[in-house]
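Here is a guided walk through a structure. Look at the model first, then follow the text from one region to the next.

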Amino acid sequence: MIKSLGTEDTLENAGLSAEEQQLFSNARPKAYEPYPIKAVEDFANWARANSLWILAFGTGCGAIELRPLMSARFDASRFGVAGRPTPRQSSVFVIGGYASVKTLKRIIRSYEQMQGPKFVLALGICPVNGGMYFDSYNTVNQFDQYLPVDLYITGCMPRPEVLVAGIMELQKKIKAGRCDGANRYIENFDWYKANQKKVIKNWDMPDYNW
Amino acid sequence: MILEWLGKIGDFSLTLLIVTLYGLLVGAYVERVIAKVQGRIGIPYSQPFINILKNFFKRTAVSHGVMFYLGPVFRIAGGIGTLAFVPVIYGSEMFSNFSMAGDLFLVIYFMFFGQLGMALGAGESGHPYSAIGIARGLSQMTAYEVPFALAVISIVIQYDTLSITGIVAAQQGGWQNWTVFTNWVATLAAMLAFLGMMGYSPFDIFLAPQEIPVGPPTEFHSAYLGLLQTNRALFGATKLILFMNLFFGGATGWIELMIKTLLIYMVAVVVGVAYPRFRVDQGIRFFFKIPTLIGIASIIYVQMVLIS
């Protein structure tokens with residue numbers, strides 16, 4: 001990202017002070033094409049599906065359902081699932097139920113720092129339509145207005161069995177090459193950013209967290 | 001001359017491939033053993049391979065500078081360099097690598113080299129947890145190198161050679177000639193250092209998953225992480241082979257090598273599943289107390305009992 005970019009390729013980063021703007025990259029993210037040879041892409045998708053590293057970031061009450069996944073009763077490591085404490089290394093973001101506006105800011109930061117291809121799994125009814133917090137002043141109702149969701153698991157609360165079933169469904173989708181949430185986010189980047197900035201009033205981070 | 005060298009490099013590449021694959025497989029086996037202890041089924045044997053493939057197939061990677069690129073490269077250079085000077089199969093021309101007089105010194109240097117390269121790379125990533133992980137890792141390494149170096153000095157005096165092949169040759173002719181039976185004091189000190197070297201509990205203070213995310217590699221992702229994971233398998237297997245050569249009589253075939261290294265690995269695993277993580281100060285003080293004393297005792301033991 002060191003090479004000079006045209007103005008259409010750069011982001012404004014208007015939320016940052018002039019001094020801070022020097023510290024962050026203002027490059028616009030680019031959508032990625034699949035490998036030209038289909039067999040290579042299928043093989044890559046098979047590897048991605050069988051090695052799902054979940055970001056250990058509990059974003060709502062549903063995060064409590066993530067903990068038993070690794071325990072003896074459910075043992076999701078059989079399916080190649082592992083917890084990863086850093087967004088750089090993880091490929092699945094589980095939105096654990098409601099997303100308050102304050103958390104949404106952190107969710108966006110963490111999501112953008114993850115390396116593609118990355119997948120979002122929305123857990124519970126709250127990311128679908130707000131659930132029991134539908135008229136709350138500080139939770140977002142439709143999560144896919146702010147970040148692209150690859151798979152929904154509804155319920156309040158879904159048990160870990162359902163989460164495991166959802167993960168297996170996600171694996172099928174990835175193997176079929178139908179999980180392109182990361183590209184959808186970049187293709188509709190301006191729309192997503194406008195929605196995010198509409199709810200997050202104190203936007204004091206770069207427009208894209210590289 | 002050139003053909004001879006090319007042949008040697010070819011042989012070494014084969015050794016490198018076998019040792020890396022073996023390291024990955026044995027890593028999966030150990031994960032499964034730990035899972036069984038915790039009442040789980042555990043990962044499939046193919047999981048480490050899939051993880052590495054997945055990381056190389058990632059579509060994006062961000063950089064934090066030149067040293068950030070070079071960190072994993074230095075790390076894997078350390079792993080390959082260590083293996084290059086360790087004779088893998090005793091008596092085999094093909095699998096003795098570049099073993100020569102004085103290779104023990106080079107191997108100990110190379111074991112340090114990778115860690116220092118990684119420290120520079122992870123330092124440039126700018127993540128505070130990386131810096132904490134490096135501080136912990138380097139101080140623990142300094143601590144366990146003391147008993148390990150003392151044990152190595154002890155067996156160097158005992159066998160009067162600095163060549164690993166020479167040390168293995170001196171242990172041939174039956175199990176009673178192995179260092180573990182002739183110089184059990186040095187072996188004990190080295191095996192205690194080995195616990196720290198393998199990074200399992202209670203000495204996993206530098207990775208410390210739930211505490212300082214994953215320590216030095218916190219910012220490493222995609223292909224960088226793929227390189228680090230490959231190196232972890234390769235370097236782990238190389239350390240096992242080194243310990244087998246120094247203390248357990250070496251191996252004359254691949255089957256013997258696999259059985260012996262697996263048993264040596266199990267020492268670290270059994271301790272790892274039985275004990276929780278030490279605090280930083282506890283982990284470092286541990287090595288300066290009893291293991292260091294045992295290391296000094298091993299030199300006295302060699303001088304007073306074995307040589308005289």
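**Where the chains meet**

Between chain B and chain A there are 3 salt bridges. The model is a predicted one. Keep that in mind while reading on.

Begin with the contact between the chains. On one side, 31 residues of chain B take part, and they are in contact with 32 residues of chain A. How much area is buried between chain B and chain A? The value is about 2700 Å². Carbon and sulfur atoms give 58% of that area. Three residues stand out on the side of chain B: B:K54, B:F57 and B:R59. Together they supply 30% of the area that chain B buries against chain A, more than any other three residues.

Polar contacts also cross this interface. The rule finds 18 residue pairs in polar contact there, with both residues at pLDDT 80 or more. Which elements of chain B give two or more residues to the side that touches chain A? They are α2 and α9 (222-247) of chain B. The largest share comes from α2(B), with 6 residues. By class, this side of chain B has 14 nonpolar, 12 polar and 5 charged residues.

Now turn to the salt bridges themselves. Over all chains, the count comes to 18. One of them joins the side chains of B:R40 and A:D75, at 3.2 Å from N to O. This pair crosses between chains. B:R40 sits in the loop between α1 (2-37) and α2 of chain B. A:D75 sits in the loop between β1 (52-55) and β2 (81-84) of chain A. Are these two residues buried or exposed? Both B:R40 and A:D75 are buried.

Next, look at A:E41. Its side chain meets that of A:R48 in a salt bridge, 3.5 Å from N to O. A:R48 and A:E41 are both buried. The side chain of A:E41 also meets that of B:R59, here at 3.0 Å from N to O. Why does this second pair join two chains? B:R59 lies in the loop between α2 (47-56) and α3 (66-84) of chain B, while A:E41 lies in helix α2 (residues 38-49) of chain A, so the bridge runs from one chain to the other. B:R59 has a relative accessible area of 25%, so it counts as partly exposed. A:E41 has 9% relative accessibility, which falls under the 20% limit, so it counts as buried. Salt bridges that share partners join A:E41, A:R48 and B:R59 into one network.

In soluble globular proteins, nonpolar side chains tend to be buried together. The largest nonpolar core here has 68 residues. Which residues have the most contacts inside it? They are B:F148 and B:F243. Helix α8 (residues 184-198) of chain B gives the largest share of this core, 11 residues. Follow B:F243 to see its surroundings. Leaving aside residues up to four places away in sequence, B:F243 touches B:F148, B:A190, B:M191, B:F194, B:M197, B:F248 and B:I264. Another core lies apart from the largest one. This other core has 25 residues, among them A:M114, A:F143, A:V149 and A:A182.

Definitions and conventions
Residues numbered from 1 in each chain as written. Chains lettered and ligands numbered in written order. Predicted model: local features only at pLDDT ≥ 70, side-chain atom pairs only at ≥ 80, totals over all residues. Heavy atoms only, no water. Salt bridge = Lys/Arg side-chain N within 4 Å of Asp/Glu carboxyl O. Buried < 20%, exposed > 50% of the residue type's maximum accessible area, 1.4 Å probe, protein only. Helix = DSSP H or I, 4+ residues; strand = E, 2+ residues; numbered from the N terminus. Contact = heavy atoms within 4.5 Å. Buried area = accessible area lost by both parts, 1.4 Å probe. Polar contact = N/O pair within 3.5 Å; in protein donor to acceptor, adjacent residues only side chain to side chain. Nonpolar A, V, L, I, M, F, W, Y, C, P; charged D, E, K, R; others polar. Core = buried A, V, L, I, M, F, W, Y, C linked by side-chain atoms within 4.5 Å.
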